[in-house]
Amino acid sequence: MALNIINCKKCGRIFQQITSRRICPDCEKALEDKFLEVRDYIRQNPNVSIMEVSREKEVSVEQIKQWVREERLLFTNAEGSGIECVMCGIPITTGKYCARCKGEMAHTLGNAYEKPKVVLQPQQPSSSKGKMRFLNNDKR
């Protein structure tokens with residue numbers, strides 16, 4: 001089993017990469033702490049723009065956009081979020097797609113597989129047609 005030793009993209013320290021992230025555990029912890037600060041700031045200032053958050057919390061716009069795309073952050077004002085639907089380009093508050101494009105993709109995916117066809121079998125004529133039948137529940 002080979003060890004995957006790499007340099008952290010943020011601080012340059014050498015560390016053993018265990019996850020797909022290319023930053024060391026210390027930088028990852030610092031980034032998560034910064035995320036919590038940003039999240040709390042957005043909650044306290046619901047109509048804030050992405051530029052204001054970046055300036056006030058000293059976080060890059062790209063990092064904030066990444067958290068929004070990951071659906072970890074939600075802006076209340078779509079125009080202020082700076083995030084656009086990757087399909088149609090309208091402003092959105094979180095994720096990658098607007099509600100309309102998500103619905104269209106779900107519809108398309110729902111129609112992508114062939115649904116089983118229900119085949120009704122014609123009823124076989126019965127010799128007791130028009131007669132009453134009883135089930136015998138006696139256990140002898």
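A residue is described as buried when its relative accessible area is under 20%. By this criterion W67, with a relative accessibility of 2%, counts as buried in the predicted model examined here. Of the 140 residues in the chain, 26% are buried.

The chain contains five helices and four strands. Followed along the sequence, these elements occur in the pattern β-β-α-α-α-α-β-β-α. Both W67 and its ring partner, F35, belong to helices of this pattern: F35 is located in helix α1, which covers residues 25-44, and W67 in helix α3, which covers residues 61-69.

A search of the whole structure identified one aromatic pair. The pair consists of F35 and W67, whose ring centres are separated by 5.2 Å and whose planes form an angle of 70°. The arrangement is edge-to-face, because planes over 60 degrees apart fall into that class. Since F35 is part of helix α1 and W67 part of helix α3, the contact ties together parts of the chain that are 32 residues apart in sequence. F35 also counts as buried, because its relative accessibility is 5%.

The cysteines were considered next. A disulfide is a covalent bond between the sulfur atoms of two cysteines. Zero disulfides were found in a search of the whole structure. For C8, the closest cysteine sulfur is that of C11, at 3.7 Å, which is too far for a bond, because a disulfide requires the two sulfur atoms to lie within 2.5 Å. C27 likewise takes part in no disulfide, and the nearest cysteine sulfur, belonging to C24, lies 3.6 Å away. C8 is buried, with a relative accessible area of 5%. C27 is buried as well, its relative accessible area being 15%.

The surface was also examined. L3, I5 and I14 make a nonpolar surface patch of about 330 Å². Within this group, I14 is situated in strand β2, which comprises residues 14-16. The relative accessibility of I14 is 59%, and I14 therefore counts as exposed, because the term applies to values over 50%.

Conventions. Residues numbered from 1 in each chain as written. Predicted model: local features only at pLDDT ≥ 70, side-chain atom pairs only at ≥ 80, totals over all residues. Heavy atoms only, no water. Phe/Tyr/Trp six-rings, centres within 6.5 Å; stacked < 30°, edge-to-face > 60°. Helix = DSSP H or I, 4+ residues; strand = E, 2+ residues; numbered from the N terminus. Buried < 20%, exposed > 50% of the residue type's maximum accessible area, 1.4 Å probe, protein only. Patch = residues over 30% accessible without salt bridge, like charges linked within 9 Å, V, L, I, M, F, W, Y side chains within 5 Å. Areas by Shrake-Rupley, 256 points an atom, 1.4 Å probe, with all protein chains shown as cover. Salt bridge = Lys/Arg side-chain N within 4 Å of Asp/Glu carboxyl O.
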